[in-house]
Amino acid sequence: MASIRSTNTKPEMLVRKYLWSQGFRYRLNNPRLPGHPDIVLRKYRTCVFVNGCFWHGHDGCKYFRMPKTNTDFWEKKIKRNKNRDIEEQKKLAKMGWHCITVWECELKQDKRAKTLASLAFTLNHIYLQDRSITYPKIEEECELEQAAEPVPTP
Ligand SMILES: [Zn+2]
């Protein structure tokens, strides 16, 4: 399956470097999670997606312009990408993960500092909130196993 996510793209590197410098620790492209999130912060139960404005169809963004040639093809393709993004984030939310999307355009020079600071703020906020209220537990497989135990027949 062709993936629209390529690793080590520049915007993603900016986010990674920043998070690391602020003491956040993460894993990359976890293959076991829906959508293979770019950055996974287990301690914060958060997946960060760094999205290119074109491929992920950033609404109302000046960096997202539908190409004038093959417009049909591109419209369909980008719509598919957007739908997939939504589905994957829904799945992650069901599994107890928070999702944060950082758009490429928010990492341009003039907005970068603000975007990164608010990302760190959001992560800390999530961390505190997860500990002050009771969240639904991440699905425990053992509960299902118990329920599925067969009744012995005489
Ligand atoms: Zn954008």
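What pattern does the protein chain follow when read along the sequence? The pattern is α-β-β-β-α-β-α-α, and the protein chain holds 4 helices and 4 strands. Helices (H or I, at least four residues) and strands (E, at least two) are DSSP runs, numbered from the N terminus. The model is a predicted one, in which local features need pLDDT of at least 70 and side-chain atom pairs count only at pLDDT 80 or more, while totals for chains, interfaces and linings use all residues. Residues are numbered from 1 along each chain as its sequence is written, and side-chain values use heavy atoms, with hydrogens and water left out.

Of the 154 residues of the protein chain, 35% count as buried. Buried denotes under 20% relative accessible area, exposed over 50%, and partly exposed the range in between (1.4 Å probe, protein chains only). Among contacts (heavy atoms within 4.5 Å) between residues at least 6 apart in sequence, 59% join residues at least 24 apart.

The zinc ion is coordinated by Cys 53 through SG, His 58 through ND1, Cys 61 through SG and Cys 105 through SG, at 2.0 to 2.4 Å. Donors are N, O and S atoms within 2.8 Å of the metal (3.2 Å for Na, K and Ca); water is not among the atoms, so sites may look incomplete. The angles among the 4 donor atoms are 103 to 115 degrees, and the site is tetrahedral, a label given to four donors if all angles lie between 85 and 135 degrees. In sequence, the spacing of the donor residues is C-x4-H-x2-C-x43-C. Cys 53 and His 58 are buried; the relative accessibility of Cys 53 is 1%. Cys 105 is also buried, with a relative accessible area of 8%. A search of the whole structure finds 0 disulfides, a disulfide being a pair of cysteine sulfur atoms within 2.5 Å.

A salt bridge is a side-chain nitrogen of Lys or Arg within 4 Å of a carboxyl oxygen of Asp or Glu. Side chains of opposite charge can pair when their charged atoms come close. One of the salt bridges joins Arg 16 and Glu 12, with an N to O distance of 3.4 Å. These two residues are 4 residues apart in helix H1 (residues 10–21), so about one helical turn separates them. Both Arg 16 and Glu 12 are buried.

A salt bridge also links the side chains of Lys 82 and Asp 59, at 2.9 Å from N to O. Lys 82 lies in helix H2 (residues 71–94) and Asp 59 in the loop between strand S3 (46–51) and H2, so the pair ties together parts that are 23 residues apart in sequence. Lys 82 is partly exposed at 25% relative accessible area, whereas Asp 59 is exposed at 58%. Helix H2 contains both Glu 87 and Lys 90, 3 residues apart, about one turn of the helix. Glu 87 and Lys 90 form a salt bridge in which the closest N and O atoms are 3.6 Å apart. Glu 87 is partly exposed, with a relative accessible area of 40%.

Asp 130 is located in helix H3 (residues 109–132) and counts as buried at 12% relative accessibility. Its side chain makes a polar contact with the side chain of His 98 at 3.4 Å. A polar contact is a pair of N or O atoms within 3.5 Å; within protein, one must be able to donate a hydrogen and the other to accept it, and residues adjacent in sequence count only if both atoms are side-chain atoms. The C-alpha atoms of Asp 130 and Arg 45 are separated by 8.7 Å, with the two residues 85 apart along the chain.

Arg 45 is found in the loop between S2 and S3 and is buried, with a relative accessible area of 17%. Its phi is near 45 degrees, a positive value in a residue other than glycine. Asn 70 likewise has a positive phi, near 55 degrees. Asn 70 lies in the loop between S3 and H2 and is exposed, at 56% relative accessible area. Asp 38 is placed in the loop between strand S1 (27–28) and strand S2 (39–41). Asp 38 counts as buried at 2% relative accessibility, and its side chain reaches the backbone nitrogen of Val 50 at 2.8 Å.

Technical notes:
Tetrahedral: all angles 85-135°; square planar, octahedral: opposite > 155°, others 65-115°.
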